[in-house]
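Please keep the sequence and the three-dimensional view at hand while reading.

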Amino acid sequence: MKSLRWSAAMAVLTLSGAAVLAQPPASGTATPPAGDAAGAPRAAPRGMPPAAKLGEGPWDIKTEKQNLHVEVVVRGIDHPWGLAFLPNGDMLITQRDGKLRVVRKGVLDPNPVTGLLPVLPGGLGGLMDIALHPKFAQNHWVYMTYTKGEKDQNSTVAVMRGRWDGTNTLKDVKDIFVAKAWYGKAPLPVRCCGQGPQSGSYGSRIAFGKDGKLYMTSGDRNYGELAQLKGTHIGKILRLNDDGTVPRDNPFVGQKEWLPEIWTLGHRNPLGLTFNPVTGALWETEFGPRGGDELNIIEKGKNYGWITVTQGFHYNGEPAKGIKGVDGYTDPVIAFGPPSINPGNPVWVTGTRFPGWKGDLILPTMSRSAVRISFDASGRVATHQELMLQELKQRFRDSRMGPDGYIYILTDETDGALLRIKPGS
Ligand SMILES: [Ca+2]
């Protein structure tokens with residue numbers, strides 16, 4: 001059993017209600033290097049050492065409030081991105097390379113699911129998130145986000161929907177929504193602040209609300225100037241009906257120049273989206289500039305600032321904006337760093353298996369750690385955050401509560417894995 005090497009060195013500062021988490025200097029940014037072209041090898045992010053191979057496990061890990069027993073469920077999945085549990089406990093896992101995998105009774109089916117629409121590979125795009133319809137038991141609908149486009153990286157994000165019948169072929173697959181987020185064709189426009197290639201920053205997390213609507217993040221494509229514009233889905237969170245049409249009660253419906261799917265604006269690269277199962281509030285994580293990664297509560301019609309109002313430093317070294325408290329813009333609940341933590345998709349701890357973590361938010365990060373965020377009695381985020389799971393040395397992309405009450409995490413590696421976290425003894 002290893003101790004947490006960094007917990008003692010972790011500095012936690014408090015800045016008018018927002019906590020800033022310091023963490024190991026070895027961690028870098030997951031923004032792809034400039035010039036990462038379509039089809040180019042997926043280079044390791046700047047500052048990140050090569051991935052260490054995941055050991056056999058299991059691992060017994062001591063954390064502040066819970067001892068953990070971590071085990072590998074499946075391995076050999078290439079950059080897994082999203083995980084959904086089927087009613088019988090089987091799992092569907094998307095791979096960024098466009099493949100959908102199924103885990104039946106705990107065993108990875110060697111044959112990927114067929115019937116999906118082709119995805120545009122390259123950069124950080126591909127097949128991304130997955131969600132089941134709230135009435136999946138009746139309609140068997142599976143939703144997946146992906147990048148769609150042309151070989152020259154003129155691309156956008158879309159949602160395909162298909163019917164899962166338990167075989168290895170998805171049926172009746174079609175696009176229900178294609179975002180008005182086309183971008184990437186040469187010549188690229190002049191952009192500020194050293195923004196990265198067009199093949200990154202797609203966002204594309206999805207989550208169904210209790211209102212039955214599908215919420216979807218759409219990243220800024222490293223063209224942050226568009227995140228504040230009304231007439232594009234770039235840099236927005238969207239709200240759709242389950243067939244991809246526009247709900248009539250969206251905030252900008254009927255307003256001149258606004259795309260009606262827009263729920264909120266001013267986002268950089270939102271790679272986490274999850275409803276709090278108790279309060280029903282929608283929480284989001286996004287990659288900000290260096291030292292400006294964010295945890296946000298998403299509320300109808302609000303502007304979350306990017307690229308105008310943000311904390312952190314730009315990637316070309318331009319001075320920190322450090323702006324908050326600006327009228328008309330919503331600040332993050334937490335701004336992380338510097339350095340950046342590169343947040344993935346967090347999970348709310350529910351059930352009774354992790355009594356020390358009741359109501360906490362576990363945030364996997366691409367900086368090879370997870371952050372535990374807790375809350376005080378009034379629901380306010382606590383200033384202390386716990387950094388953990390560094391001993392596994394893996395980038396973490398997605399996390400979910402299983403129907404068995406355990407926590408499941410996908411590693412974002414070429415030899416990726418699905419891990420199960422159980423309480424330890
Ligand atoms: Ca923001």
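## The nonpolar core and its surroundings

The largest nonpolar core has 85 residues, and among these Tyr143 and Tyr215 touch the most other members. The model described here is predicted. Once neighbours within four places in sequence are left aside, tyrosine 143 is in contact with Ile130, Ala131, His133, Val159, Arg161, Ile206 and Leu214.

The protein chain as a whole contains one helix and 27 strands. It has 425 residues, of which 48% count as buried. Among contacts in the protein chain that link residues at least 6 apart in sequence, 58% join residues at least 24 apart.

## A sheet of four strands

One part of the chain forms an open sheet of four strands, ordered β13-β14-β15-β16, with antiparallel pairing. Its edge strands are β13, residues 203-208, and β16, residues 262-265, and each of them pairs on one side only. From one strand to the next, the twist averages 15 degrees.

Within this sheet, strand β15 covers residues 236-240 and pairs with β16 over three bridges in the antiparallel sense. Opposite leucine 238 stands isoleucine 262, which belongs to β16.

## The pair β25 and β26

Strand β25 spans residues 396-401 and is mostly covered, with five of its six residues buried. Strand β26, residues 407-411, runs antiparallel to β25, and five bridges join the two. Aspartate 398 has leucine 410 in β26 as its bridge partner. The hairpin of β25 and β26 has five residues between the strands, and in this hairpin glycine 405 takes a positive phi near 85 degrees.

## Backbone exceptions

Most residues other than glycine have a negative phi, and most peptide bonds are trans. Several places in the chain depart from this pattern, and the table lists them.

| Site | Feature | Value |
|---|---|---|
| Alanine 186 to proline 187 | cis peptide bond | omega near -5 degrees |
| Glycine 337 to proline 338 | cis peptide bond | omega near 5 degrees |
| Serine 204 | positive phi | phi near 85 degrees |
| Asparagine 222 | positive phi | phi near 60 degrees |

Proline 338 is found in the loop between β20, residues 334-336, and β21, residues 347-348.

Asparagine 222 lies in the loop between β14, residues 214-218, and β15.

Note on methods: Residues numbered from 1 in each chain as written. Predicted model: local features only at pLDDT ≥ 70, side-chain atom pairs only at ≥ 80, totals over all residues. Pairing = 2+ DSSP bridges. Axes fitted to C-alpha atoms, helices over the stretch in contact; angles between N-to-C directions. Buried ≥ 20, exposed ≤ 12 C-beta atoms within 10 Å, placed from the backbone. Core = buried A, V, L, I, M, F, W, Y, C linked by C-beta atoms within 7 Å. Contact = placed C-beta atoms within 7 Å.
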